[in-house]
Amino acid sequence: MISTSRIFTIACAFAALHFSAGCQYLRQDMADQPKNRPLSPSEFFADGRSERPLVENTVARGSIADDELVASKDSNAFPLPVDWKLLERGEERYNVFCSPCHGLQGDGNGVVAVRGMKRPPTYHQDRLRQSPNGYFYDVVTNGFGQMYGYSAQIPPRDRWAIIAYVRALQLSRNAKVAELPADLRERLSQGGSSGAATSGEHKPESGTAKGPTGGSY
């Protein structure tokens with residue numbers, strides 16, 4: 001006959017085995033996550049693929065809105081109304097993503113270039129001033145040369161906001177005097193004798209360069 005103590009010992013061992021198996025089953029370490037890596041095989045689906053094709057007659061969320069903002073490389077269209085709000089957003093995004101290489105004024109002398117990396121071209125050269133808007137959109141989206149694409153970091157609307165701000169930077173150094181507001185033309189005419197721009201282009205005052213949204217650099 002089995003003693004009571006032996007029965008108790010067997011029961012404790014069985015309980016410990018049961019609970020340890022359950023803990024092992026429920027444990028999910030960061031190194032063993034229940035997920036599929038990109039393009040990894042999967043036994044869950046009959047075709048063995050973890051990457052699933054799009055469901056027929058469906059559209060991914062947000063893709064229609066994004067498609068409306070896509071432009072070809074040779075297109076000079078601008079799919080958004082350009083106002084101060086868009087320029088301010090473009091300036092903020094430009095300072096975050098672009099200024100480390102391209103500099104605050106678009107000269108290509110950002111802190112990354114100053115520290116030895118290859119210097120990007122200035123936005124104020126004729127080639128980039130004459131490039132269509134679609135070219136800039138393609139470069140921001142897909143990258144160019146040593147510049148990586150920013151499609152994952154910058155949504156389409158913000159890409160256009162940055163392009164609008166870059167165009168404003170370019171215009172700030174190449175605006176014709178006749179196209180300036182009356183108060184700026186008056187300031188230029190009053191400063192003509194002291195060396196201000198009189199040759200048809202508006203140049204920033206010495207000392208500070210005023211950004212398109214009013215900030216000083």
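This is a predicted model: local features need pLDDT of at least 70, side-chain atom pairs count only at pLDDT 80 or more; totals for chains, interfaces and linings use all residues.
I then looked up where histidine 124 sits, and found it in the loop that runs between helix H5 (111–114) and helix H6 (126–130). Leaving aside residues up to four places away in sequence, I listed the contacts of histidine 124 as Gln105, Gly106, Asp107, Arg129, Leu169, Gln170 and Arg173.

Two names in that contact list, Asp107 and Arg173, made me turn to the charged pairs. Arginine 173 and aspartate 107 form a salt bridge, with 2.8 Å between the closest N and O atoms. I noted that this pair connects distant parts of the chain, since arginine 173 belongs to helix H8 while aspartate 107 lies in the loop between helix H4 (99–102) and H5, 66 residues apart. Are the two partners buried or exposed, or something in between? I put arginine 173 down as partly exposed, because its relative accessibility is 24%, whereas aspartate 107, at 18%, counts as buried.

How many salt bridges does the structure hold? My entry for the whole structure is eight, and I followed up some of them.

One of these joins arginine 89 to aspartate 158, the closest N and O atoms lying 2.7 Å apart. Here too the pair links distant parts of the chain, with arginine 89 in helix H3 (residues 84–97) and aspartate 158 in helix H8 (residues 156–174), at a separation of 69 residues. For arginine 89 I computed a relative accessibility of 37%, so I class that residue as partly exposed; aspartate 158 has a relative accessible area of 9% and is therefore buried.

Lastly I checked the salt bridge in which the side chains of arginine 49 and aspartate 47 meet, at 3.2 Å from N to O. In this case I classed arginine 49 as partly exposed because its relative accessibility is 44%, and aspartate 47 likewise as partly exposed, with a relative accessible area of 40%.

Technical notes:
Residues are numbered from 1 along each chain as its sequence is written. Side-chain values use heavy atoms; hydrogens and water are left out. Helices (H or I, at least four residues) and strands (E, at least two) are DSSP runs, numbered from the N terminus. Contact means heavy atoms within 4.5 Å. A salt bridge is a side-chain nitrogen of Lys or Arg within 4 Å of a carboxyl oxygen of Asp or Glu. Buried means under 20% relative accessible area, exposed over 50%, partly exposed in between (1.4 Å probe, protein chains only).
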